[in-house]
Amino acid sequence: MKIEQQQLTWPQVLDNFAVISGQVSTLFKVIKNDRTPVLRNLVLLPLVVQQEPDADLQKSTEGRIQAFNHEVVPDHLRTKYEPEVEDKESILSATASNMSSESTQRQIADFNATLSNLVEMIGTARDEWETDQSSASKSSTNINADVPKLVGAITYGKGLSSSSSSGSSSHKSSSQANLGFSWCGGKELTTF
């Protein structure tokens, strides 16, 4: 193993590991101490930034940030808005503070009226849609109920009766040969 052009032996590696392990355990003891301030309240300043692409950073940011470099650090560690955003916010704050309470209450009432009208329109549209859907499902159910009757009549002759109920058996067979059948409802089916 070579580090900075020096040959390391196994005892040297173990000694360096022991030093690092001791420093890490000391750091944990300091962090767990009751007198240590909450780290969320401290400022984070990067001492070293890297120019090489970082695969973990790319993965965690879904490819938006390639490397934590000098170009990216100021944007992500900013505690203040960008100047354009800050200007817009100050204009909005000034406008809000200059409004009288009467005009503010009037604008709130107008906004609430608009919202209630919008909710009513959405509710009406939903009710109309639900009635359209229920009527469409009822009509499709009626159509679907007729389909098996038609299929049964065409394939098996179910629900069909001969057009003439009197006569001899030879007359019945000739009428069946002409396919002069009618529905039980009385409408005659014609053949072509």
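Begin by selecting asparagine 69, which lies in the loop between α2 (55-60) and α3 (73-76), where helices (H or I, at least four residues) and strands (E, at least two) are DSSP runs numbered from the N terminus. This is a predicted model, in which local features need pLDDT of at least 70 and side-chain atom pairs count only at pLDDT 80 or more, while totals for chains, interfaces and linings use all residues. Residues are numbered from 1 along each chain as its sequence is written, and side-chain values use heavy atoms, with hydrogens and water left out.

Asparagine 69 counts as buried because its relative accessibility is 14%; buried means under 20% relative accessible area, exposed over 50%, and partly exposed in between (1.4 Å probe, protein chains only). Show its surroundings next: apart from neighbours within four places in sequence, asparagine 69 is in contact with Val49, Gln50 and Gln51, contact meaning heavy atoms within 4.5 Å.

Stay in the loop between α2 and α3 and select glutamate 62, which is found there as well. With a relative accessible area of 65%, glutamate 62 is exposed, and its phi is positive, at about 55 degrees, although the residue is not a glycine. Most residues other than glycine have a negative phi.

Move on to helix α4 (residues 83-98), where glutamate 86 has its place. Glutamate 86 counts as partly exposed because its relative accessibility is 30%. Together with Glu84, Asp87 and Glu89, Glu86 forms a patch of negative charge on the surface. Patches are made of residues with over 30% relative accessible area and no salt bridge, like charges being joined within 9 Å and nonpolar side chains (Val, Leu, Ile, Met, Phe, Trp, Tyr) within 5 Å.

For a patch of another kind, select Ile20, Val24, Leu27, Phe28, Ile31, Leu39 and Leu42, which make a nonpolar surface patch of about 660 Å². One of these residues, valine 24, is found in helix α1 (residues 10-32) and is partly exposed, with a relative accessible area of 38%.

Finally, clear the selection and view the whole protein, which has six helices and four strands, arranged from the N terminus on as β-β-α-α-α-α-α-β-α-β. Of its 192 residues, 7% count as buried, and the protein exposes about 17000 Å², of which carbon and sulfur atoms supply 58%, by the Shrake-Rupley method with a 1.4 Å probe. Among contacts with a separation of 6 or more, residues 24 or more positions apart account for 16%.

Technical notes: A salt bridge is a side-chain nitrogen of Lys or Arg within 4 Å of a carboxyl oxygen of Asp or Glu. Lys and Arg count as positive and Asp and Glu as negative; His and the chain ends are not counted. The place of a charge is taken as NZ of Lys, CZ of Arg, CG of Asp or CD of Glu.
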